[in-house]
Amino acid sequence: MSSASRIPHLARLAHLTHFAVAAAWLATLALQPASAEPLPARNGFPSQTVKFVSPFPPGGGNDATARLVTARLPEIMGQAAVVDNRGGAGGNIGAKAVADARPDGYTVLTSQVSIMAVNPTLYASAGFDPVKNFIPITQINAAPLALVVDANSPLKSFADLAAKAKASPGKVTYATPGNGTLSHLVGVVLSKDDGIAMTHVPYKGAGPALTDLLGGQVDVLVTSTSSVAGLVQNGKLRVLAVTSPRRIGVFAKSPTLEELGYAGARFEDWYGFFAPAGTPPERVAYLNEAIVRALRLPEVVKLVNDGGSEVVANSSEAFAAQLRQDIDRWSRIVKLSGAKAD
């Protein structure tokens, strides 16, 4: 049976309603001031700067997502909001820093499904428990991942990539934002179920991975749509495929893996905000309302859509339910794949 007609048993588990990030390629526009209705402080909160920890270096989707919101929160909250980049270990370092932070509402984690639902199973010791150590604030947005190559790459289509990888297993290299990311697991599943055996090259975020892709050090990059949307639009990158039908903006006409014959090969990612466990409920509620207001601003919705994703902006309770579901699904995928990260 050909790989194109086979339903991968791992990918079949990945029929998720997951989400990716805001428009990294429009990060400079995200810094423009916006008009937003002020939200009065409650019981003295907030009275100082709120810090948003991005567990990856600047230049990727996580960083752009955090800045998209922090650029608008001062007008809404009446207090400054800043981004603190703490990359490393597939996002574990930044996540642990927030888990260990004082639970007062002034330290928030900008996280994603790979960190919260994958890393605790993938890593022998991630350093945090996604349920016990955090309170979900709100889910940000929704999108697929993209498989892209340099515009001058000899790989003109996903069929070219599959053929080369099958002819010379391990010769094709694929970059990802790090071990344990959904991008990593896409490669694992393609290799395990479809014989598209590529060598994984993990980076500390999408920014460094993009640099090496454009420099010819790696063949393919698997990452969030928003991390590469600008380079796709200006013709510097070519999209070979995306991982789910949830595609808009410059990815609207990109083929999905399922459309290319890989039945069941659907992967989606989400990003969201989390507070340390023990943060007072009223402060979590305040942060949810402020962030949701920012995410629902028309220009923010446009920026998110232009980057290839859709705004979610749900309640803390709805996000918590999604997190529990994702932990169950992705932990099974990791265990079945046999993937491990040190």
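Helices here are DSSP runs of H or I with at least four residues, numbered from the N terminus. The model is a predicted one, and it holds 14 salt bridges.

Start in helix 12, residues 298-306. Select Asp306 and Lys302: both belong to helix 12 and sit four residues apart, about one turn of the helix. They form a salt bridge, with 2.6 Å between the closest N and O atoms. Lys302 is exposed at 52% relative accessible area, whereas Asp306, at 23%, is partly exposed.

Next, select Glu299 and Arg72. Their salt bridge has its closest N and O atoms 3.6 Å apart. This pair links distant parts of the chain, 227 residues apart: Glu299 is in helix 12, while Arg72 is in the loop between helix 3 (61-70) and helix 4 (73-77). Arg72 counts as buried because its relative accessibility is 3%, under the 20% cut-off. Glu299 has 30% and counts as partly exposed.

Now go to the loop between strand 8 (237-242) and strand 9 (268-276) and select Arg247 and Glu259. Their side chains meet in a salt bridge at 3.0 Å, N to O. Both residues lie in that loop, so the bridge ties together parts that are 12 residues apart in sequence. Are these two residues buried or exposed? Arg247 has 19% relative accessibility and counts as buried; Glu259, at 51%, counts as exposed.

Technical notes:
Residues numbered from 1 in each chain as written. Predicted model: local features only at pLDDT ≥ 70, side-chain atom pairs only at ≥ 80, totals over all residues. Heavy atoms only, no water. Salt bridge = Lys/Arg side-chain N within 4 Å of Asp/Glu carboxyl O. Helix = DSSP H or I, 4+ residues; strand = E, 2+ residues; numbered from the N terminus. Buried < 20%, exposed > 50% of the residue type's maximum accessible area, 1.4 Å probe, protein only.
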